[in-house]
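Reader: I'd like to learn how to read the inside of a protein model. Could you walk me through one?

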Amino acid sequence: MPTNRKRVLSLKPLVWFFALFFVICVPIRVYQMLNLLEAENGFYKRTDFTVPLLSALLVLVSLMMVVWPILSGQNKSYKLSGKRPLLAYCSFFLSIGLAVNIYQTVINISQILDLTSSPERKMVWVLVVQSIFAFFSALYFIIFGLRFLGKKINLTRYGYLALSPVLWAITRLLQRFMRKINYARVSELMLELIMLAFLMLFIIAFARIHSGVITDNTINWKLFSFGLPCAFFALLYSVTRFGFWIAGQGSLLDTKSPPELCDLVLGMFILVYLISHIYFNNIGSKSDEHADFPAISRKDSVEDDSLSLHDVIRHFDQIIDDTDAGEPIDPTDENKG
């Protein structure tokens with residue numbers, strides 16, 4: 001008997017493709033860093049077959065991760081619900097990474113200011129703004145982590161903070177475009193630019209979901225189409241850089257693109273967040289749609305009884321004691337609590 005039911009393409013194979021391409025690309029990248037890159041700037045000093053090979057692999061994996069979710073037929077918008085400790089702790093680690101990024105940015109500012117004739121002094125204002133948005137981003141991800149440890153927190157009340165990572169990514173992108181580089185031979189920096197472009201698109205979709213401003217059901221594919229490539233590029237260059245640094249080969253790394261903890265934990269956070277959607281949220285089920293708290297107006301979100309920022313900070317001091325607490329009460333469900 002004919003049916004009009006729409007066929008849905010599973011997103012689970014994307015995780016396996018992610019892992020497969022990652023395992024292939026990392027050794028190639030390590031070989032290039034050992035043999036082909038200039039340590040001073042991360043440019044290619046010479047090329048061989050691995051350069052077009054890695055480029056083709058990166059284009060292929062990017063296209064696959066962007067197009068697959070669009071063609072999957074899954075165009076619903078929904079949110080995660082319940083306690084998710086792994087996601088919560090990844091969110092806390094991301095906050096720590098952002099704090100380290102602030103420290104590195106302040107050090108960078110002081111070094112630039114010490115060079116009175118440095119042409120990079122015009123970057124200072126960008127770096128100052130970047131550190132400000134990094135601070136608010138860290139604060140948001142602390143609140144986000146508390147939410148998924150089971151605290152009674154309505155994330156729609158902190159929608160303005162959800163935009164901070166977008167602005168942080170924009171300032172990082174500006175800072176990199178202000179560097180004098182040779183785009184014909186650029187290598188390390190190009191990976192960062194691609195990652196930051198995907199990050200901005202992902203965070204915009206992420207912020208729309210968790211700030212409660214969704215007005216349609218087409219947000220879902222954007223999370224995966226932009227988030228997976230962002231995580232792939234962030235982990236690709238972060239794992240290789242930290243590998244060289246841990247092995248005592250930091251002298252082989254680009255001095256202007258050092259290992260950054262924020263990028264490593266950012267890739268981990270996005271990957272865990274998306275895997276939580278794919279494997280533990282029963283994608284394609286009606287019961288999941290808007291599972292956490294539905295899109296509500298700003299007026300309604302102010303009138304609920306969720307925790308204030310003061311309460312969030314107070315509860316953050318009790319994380320270890322409270323992680324074994326029961327399931328949280330949905331702040332927007334009038335029939336609960």
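Author: Let's begin with a term: a residue counts as buried when its relative accessible area is under 20%. Keep in mind that this is a predicted model. Here, Tyr140 is buried, and Phe144 is buried too.

Reader: What do Tyr140 and Phe144 form?

Author: Two rings make a pair if their centres lie within 6.5 Å, and planes under 30 degrees apart count as stacked, over 60 as edge-to-face and the rest as tilted. Tyr140 and Phe144 form a tilted aromatic pair, at 6.3 Å centre to centre with 40 degrees between the planes. They are 4 residues apart in helix α4 (residues 124-147), so about one helical turn separates them.

Reader: And how do Phe269 and Tyr273 pair, stacked or tilted?

Author: Phe269 and Tyr273 are stacked, with 6.1 Å from centre to centre and 20 degrees between the planes. Again there's about one helical turn between them, because they are 4 residues apart in helix α9 (residues 261-280). Both Phe269 and Tyr273 are buried.

Reader: Which residues do ring pairs link into a cluster?

Author: The cluster takes in Tyr140, Phe141, Phe144, Phe148, Phe202, Phe206, Phe269 and Tyr273. The structure holds 24 aromatic pairs. Phe148 has something else to look at: the charged end of Arg147 sits over its ring, 5.0 Å from the centre.

Reader: Back to Phe144. What is it in contact with, leaving aside its neighbours within four places in sequence?

Author: Phe144 is in contact with Leu87, Ser91, Leu155, Phe206, His210, Phe269 and Tyr273.

Reader: Now the core. How many residues does the largest nonpolar core have?

Author: The general idea is that in soluble globular proteins, nonpolar side chains tend to be buried together. In this model the largest nonpolar core has 77 residues, and Phe144, Leu199 and Phe232 have the most contacts inside it. Helix α7 (residues 188-210) gives the largest share of this core, 14 residues. There is also a second, separate core of 7 residues, Met33, Leu36, Val51 and Phe244 among them.

Reader: Is α7 mostly covered or mostly uncovered?

Author: Mostly covered: 17 of the 23 residues in α7 are buried.

Definitions and conventions:
Residues are numbered from 1 along each chain as its sequence is written. This is a predicted model: local features need pLDDT of at least 70, side-chain atom pairs count only at pLDDT 80 or more; totals for chains, interfaces and linings use all residues. Side-chain values use heavy atoms; hydrogens and water are left out. A nonpolar core is a set of buried Ala, Val, Leu, Ile, Met, Phe, Trp, Tyr and Cys residues joined through side-chain atoms within 4.5 Å. Buried means under 20% relative accessible area, exposed over 50%, partly exposed in between (1.4 Å probe, protein chains only). Helices (H or I, at least four residues) and strands (E, at least two) are DSSP runs, numbered from the N terminus. Contact means heavy atoms within 4.5 Å. Rings of Phe, Tyr and Trp (its six-membered ring) pair if their centres lie within 6.5 Å; planes under 30 degrees apart count as stacked, over 60 as edge-to-face and the rest as tilted. A charge sits over a ring if NZ of Lys or CZ of Arg is within 6 Å of the ring centre and within 35 degrees of the ring normal.
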